[in-house]
Amino acid sequence: MVLEFFRKQKYIAVQPEPVSRDIPEGIWVKCGRCNEIIFSKELDKNCKVCRKCGFHFRASAYERIAMTLDEGTFKEMDVDMLPVNPFQSAEYEEKLQAARKKSGLNEAVVTGEGALQGFEVVIVVMDSTYMMASMGTVAGEKIARAIEAAVEGQKPLIIFSASGGARMQEGILSLMQMAKTVAALDKLEKAGQLYISVLTDPTTGGVSASFAALGDIIIAEPGALIGFAGQRVIEQTIRQKLPEGFQRAEFLKSHGFVDMIVARTELKSTLAKILELHLRGEN
Amino acid sequence: MSATLEFERPIQELEIKIDELRKFSREKGIDLTNEITILENRAREVRGAIYGNLNSWQKVLIARHPERPNAYYYIKNLFTDFIELHGDRCFRDDPSVAGGIGRFNGYPVTVISHLKGKDTKENLARNFGMAHPEGYRKAIRLMKQAEKFKRPVIAFIDTPGAYPGMGAEERGQSEAIAKSILTMAALRVPIISVVIGEGGSGGALAFGVGDRILMQEHAVYSVITPEGYASILWKDSSRNREAAEAMKVTAQDLLALGVADQIVPEPLGGAHREPETAADLVGKALTANLNELLGIDADILVANRYKKFRAMGNLDGLIE
């Protein structure tokens, strides 16, 4: 029974029909919820949210940064930092290469500084196209450095979480990144600096149980899956199907674990309003 | 012994023979001391050979051994005047987590621990040591009290992981674990964490942000169970032996990785063979570490703890 959950469906390889040259690839996308066919430039313009049903497509790290920060203000930190393979596993090395190719990123986390409607902030964005944004040693290191930059630069911190959890291939060292990032947040707390945690689809496992849960203000995107244990694991444990909406953003809000649910199209202005309310030494 | 591990069979066979000889000697009044001594020596040799060469999976089995002393055993043997305190003041008392105050070497301390049961019935009541959010919140409450009254915290880790259930999610398992980690990172009194069995995932780390992380010789500590690792990464949970090797889960591995600070020796054949000796050895290690930590100023203590966890995973300058 356990294995069935993990078994991949087998597909027959079919040669694709040659695509007509008049329609470049990726110009249309289908909504994951309402099946509406959307012009992809139109989707990008609407922050990757379906205009018909409000479904939030997953955004890449750089898309997120473009949606959030003022144009041309983003300065990336630790851009060249590459993941480590502490146990020299060939299997893991292969996965890292594949993830890099797929996402165009060196790691699952992009960090840096920039301005949001003029407010200077430190920003951390996790990208689920890179190994489901699992947190390994280097992802943890980049996040800890970003938090320290917020402490030192006396800037508010915004983290957009998305993650399947700890990166198992790095064993116990990945678990320790939870402690590392949380300990860094304690410094931010003591510095009296604002931390806004934005939970995006999906935020689970070790990331949900560390820095993502500790924002002064916690915002979730509509419909985002947020929780500690994976749904399959819970279903196996309790031997029953989980109800619709379990571990979704709306569920977390009604149980008191997020402050607000904000549609992505309203997110930048909401963040700006919160930042403005936390301005210090004025009025 | 009711639960013999597969690889302990050769020892068990010798022990059965020794018992038979003893019985025979008693009943028939024949002196078989020499024969028994020879067999006893042989059993010790075999045990030494087996236990000196355990692979990672065998260690996992010892760490999960049903007769392995649980946290209550160490609490009863190492602390005097122990008073157990209950509840998170929000929802309920989680029986998977125990905590309280007592004296260690005469010095007042706070104890928090995961708690597995000693038999199936108790394990059902204690949820096999898998805590709900209220368990972590009870521990957080007791740790903050420890800080208020300037008592060191001793944390025993022994859990397969935090409980993956509906109620646990509804009540904020993630938030509870994150807050426990934060509380420990900031706590202004000494913390010693001791892995006494299985240290599983975030549920274990919730008690693991100590100034010292001690691991018993045959304890294990990992990001996920070997079964979980095998089933997620290889879609084959039967490859648990391989997974245990690949993940580096033993006390010896964790010492080499700089996660564990010290290995606490166990009696030959594991803590369950001679629990009293095992408790003695844990007590000695706690004494030595606590003596080092007690004199340290709180600011320096917290700063050192930060440095320790900040460096986790940065092996030999792997990162820049």
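Biologist: What covers the buried residues of helix 3 of chain B?

Modeller: This is a predicted model. In it, the cover over the buried residues of helix 3 of chain B includes helix 2 (33-51), strand 5 (191-200), strand 7 (220-222), helix 10 (226-233), helix 11 (240-247) and helix 12 (251-256) of chain B.

Biologist: What makes helix 3 (residues 56-63) of chain B mostly covered?

Modeller: Of its 8 residues, 7 are buried, and buried means under 20% relative accessible area. The buried residues are Ser56(B), Trp57(B), Gln58(B), Lys59(B), Val60(B), Ile62(B) and Ala63(B).

Biologist: Why is Asp253(B) called partly exposed?

Modeller: Its relative accessibility is 21%. The buried class is under 20% and the exposed class over 50%, with partly exposed in between, so Asp253(B) counts as partly exposed. Asp253(B) sits in helix 12 of chain B.

Biologist: Which residues is Asp253(B) in contact with, leaving aside its neighbours within four places in sequence?

Modeller: Ser56(B) and Lys248(B). Contact here means heavy atoms within 4.5 Å. As for Tyr221(B), its C-alpha is 9.6 Å from that of Asp253(B), and the two are 32 residues apart in sequence.

Biologist: Now chain A. Why is strand 7 (residues 195-204) of chain A said to be largely enclosed by the rest of the structure?

Modeller: Because 9 of its 10 residues are buried.

Biologist: How do you know that strand 7 of chain A pairs with strand 6 (residues 157-163) of chain A?

Modeller: Pairing asks for at least two bridges, and 6 bridges join these strands, which run parallel. Ser161(A) stands opposite Leu199(A) in strand 7 of chain A. From strand 6 of chain A the chain passes through helix 6 (residues 171-190) of chain A to strand 7 of chain A, a right-handed β-α-β crossover.

Biologist: Which other strands pair with strand 7 of chain A?

Modeller: Strand 8 (residues 217-220) of chain A is joined to strand 7 of chain A by 4 bridges, in parallel, with Leu199(A) opposite Ala220(A). Strand 9 (residues 226-227) of chain A pairs with strand 7 of chain A over 2 bridges, also parallel, and Thr204(A) stands opposite Gly227(A).

Biologist: What kind of peptide bond joins Asp201(A) and Pro202(A)?

Modeller: A cis bond, with omega about -15°. Pro202(A) lies in strand 7 of chain A.

Biologist: Why are helix 6 of chain A and helix 14 (residues 298-310) of chain B called oblique to each other?

Modeller: They pack at an angle of about 140°, with their axes 8 Å apart. Roughly antiparallel needs over 145 degrees, and roughly perpendicular covers 65 to 115, so the two helices are oblique to each other. Their crossing is left-handed.

Biologist: Which residues meet there?

Modeller: Met176(A), Ala179(A), Lys180(A), Ala183(A), Ala184(A) and Lys187(A) in helix 6 of chain A meet Tyr306(B), Phe309(B) and Arg310(B) in helix 14 of chain B.

Terms used
Residues are numbered from 1 along each chain as its sequence is written. Chains are lettered from A and ligands numbered from 1 in the order in which they are written. This is a predicted model: local features need pLDDT of at least 70, side-chain atom pairs count only at pLDDT 80 or more; totals for chains, interfaces and linings use all residues. Side-chain values use heavy atoms; hydrogens and water are left out. Buried means under 20% relative accessible area, exposed over 50%, partly exposed in between (1.4 Å probe, protein chains only). A crossover is right-handed if, with the strands pointing away from the viewer, the path from the first strand over the helix to the second runs clockwise. Axes are lines fitted to C-alpha atoms, for helices over the stretch in contact, and angles run from 0 to 180 degrees between N-to-C directions. Angles under 35 degrees count as roughly parallel, over 145 as roughly antiparallel, 65 to 115 as roughly perpendicular and the rest as oblique. A crossing is left-handed if the near helix is turned anticlockwise from the far one by less than a right angle, and right-handed if clockwise.
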